[in-house]
Each structure stands twice: as C-alpha cells, then as structure tokens.
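Could you look over the aromatic side chains of this structure with me? My notes are set out as numbered points, to be read beside the sequence and the model.

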Amino acid sequence: MTFQTIRKADWPRAEYFAHYFSAVPCTYSMTAKLDIRAWRKSGRKLYPAMLHAITTVVNRHEEFRTAIGADGQPGIYSDMLPCYTVFHKDTETFSNLWTPYFADYDAFAAAYEEDLRRYGQVHRMLGKPNPPENTFPVSMIPWTSFDGFQLNLQKGYDYLLPIFTMGKHTEQDGVLRLPISVQVHHAVCDGFHLCRFLGELQELLDRL
C-alpha cells in the first residue's frame with residue numbers, strides 16, 4: 001500500500017476540492033436499492049459477498065481512495081480494504097474487524113471467515129487489532145430496510161473516504177433488493193462518481 005500526495009497544481013479537481021473542503025464544506029449521502037437476485041443463486045454468504053463487491057469497485061476509482069494525509073494534504077491510497085462491523089447478541093454491542101482484500105473472491109472469503117473465527121467474539125469496539133490506515137468503513141443494519149440513511153459526523157468535513165451502510169433485504173414482485181447508503185465528501189466525489197459507483201456495483205452483483 002502506498003499513499004501518494006496529490007499535486008494540486010496538476011489536479012483537475014483542485015478548484016472543486018478547495019470549494020467543497022474549505023469554502024463551503026459539504027458531505028452528502030445517497031441511498032439505493034440493489035438487485036441481489038443473482039446473489040441468492042450464488043450460494044455465497046451475503047456479508048462477505050457485499051464486502052468483496054464494494055471493495056472491488058472502491059479500488060477501481062481514485063475518488064473513493066482519497067484521504068487527508070498526516071501532513072494535512074489530500075492524497076490517494078493505492079488500494080483499500082474494508083473495516084466492517086459484527087454484532088454481539090449477548091451485549092447488544094458491535095466490534096470492528098478488517099480483512100485484507102483479494103481480487104479472487106474465494107481467497108477473500110477464506111480470509112474473512114478466518115478473521116471472524118479469530119476475532120468475531122472479541123467484545124471490544126476494535127475486535128481485530130492494528131487496522132492499517134487504508135481501510136474504509138462498512139456496516140450492516142440487518143433488522144430493517146430503509147429508503148434513506150445519513151450519518152452525522154462532528155468532524156465529517158475533514159473525512160474524505162466513503163462510508164457504506166447496508167440494511168435488510170426485502171422482496172417485492174420477485175425482485176430481491178438490498179438498501180445501501182453511501183456517504184461521501186463533495187470535495188472529492190460528485191453525483192456522477194457516486195452514480196457510476198452504484199452502477200458498477202450492480203453490474204458486479206448481477207454476475208455473481
């Protein structure tokens with residue numbers, strides 16, 4: 001993994017970044033309903049399948065790998081991996097785990113299952129220690145579906161990476177749909193980029 005600081009003088013987005021990061025700080029979220037009928041036929045577990053698909057598309061596009069570096073300047077990670085939540089029924093709390101990303105789904109699923117086995121019952125907010133800096137957050141709320149979801153982050157205007165939240169899937173007229181909310185920073189991600197992301201994610205899910 002590398003983190004490359006952006007040369008603003010050569011960055012086509014420099015003017016937009018300055019506007020939405022400093023002049024008019026702006027984050028936003030979009031919720032979509034994904035068609036996951038192909039997943040039902042695939043035999044894969046839903047959570048690792050979604051983690052893999054989301055991370056695959058995140059790693060295709062720089063706007064989803066852009067963050068503020070230690071020097072306060074924006075830069076781009078060469079690759080990202082998911083940091084996701086697991087729920088503890090006994091305490092009604094959750095823990096964050098992270099798993100290395102592999103382009104091959106079976107390799108990723110095996111690593112996910114191993115992390116779940118080793119750290120899934122650790123009752124701390126950080127279940128798996130030493131997360132690398134190139135992680136992005138994913139969570140699931142499997143108890144209800146939703147048409148909209150938005151996080152309110154006190155320091156969200158300094159956070160550039162995407163945040164993904166999924167809900168309970170529902171079926172209507174034979175179509176199985178999964179709600180997903182994506183929260184992004186307008187300084188690095190416009191509506192075009194977010195719509196492209198959702199379109200490519202749907203294409204991946206159609207091929208499961």
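The points below concern aromatic rings and the charged groups placed over them.

1. Please keep in mind that this is a predicted model.

2. F87 belongs to strand 5 (residues 81-88), while W143 is in the loop between strand 7 (135-140) and strand 8 (163-166), so the contact ties together parts that are 56 residues apart in sequence.

3. As for how open these two residues are, F87 is partly exposed at 39% relative accessibility, whereas W143, with a relative accessible area of 54%, is exposed.

4. The rings of F146 and F149 have centres 5.6 Å apart, and because their planes stand at 35° the pair is described as tilted. F146 counts as buried, at 10% relative accessibility, while F149, with a relative accessible area of 24%, is partly exposed.

5. Which residue places its charged end over the ring of W98? K128 does, at 3.6 Å from the centre of that ring. In another contact with a ring, R44 lies over the face of Y105, 3.9 Å from the ring centre.

Conventions:
Residues numbered from 1 in each chain as written. Predicted model: local features only at pLDDT ≥ 70, side-chain atom pairs only at ≥ 80, totals over all residues. Heavy atoms only, no water. Helix = DSSP H or I, 4+ residues; strand = E, 2+ residues; numbered from the N terminus. Buried < 20%, exposed > 50% of the residue type's maximum accessible area, 1.4 Å probe, protein only. Phe/Tyr/Trp six-rings, centres within 6.5 Å; stacked < 30°, edge-to-face > 60°. Lys NZ or Arg CZ within 6 Å of the ring centre and 35° of its normal.
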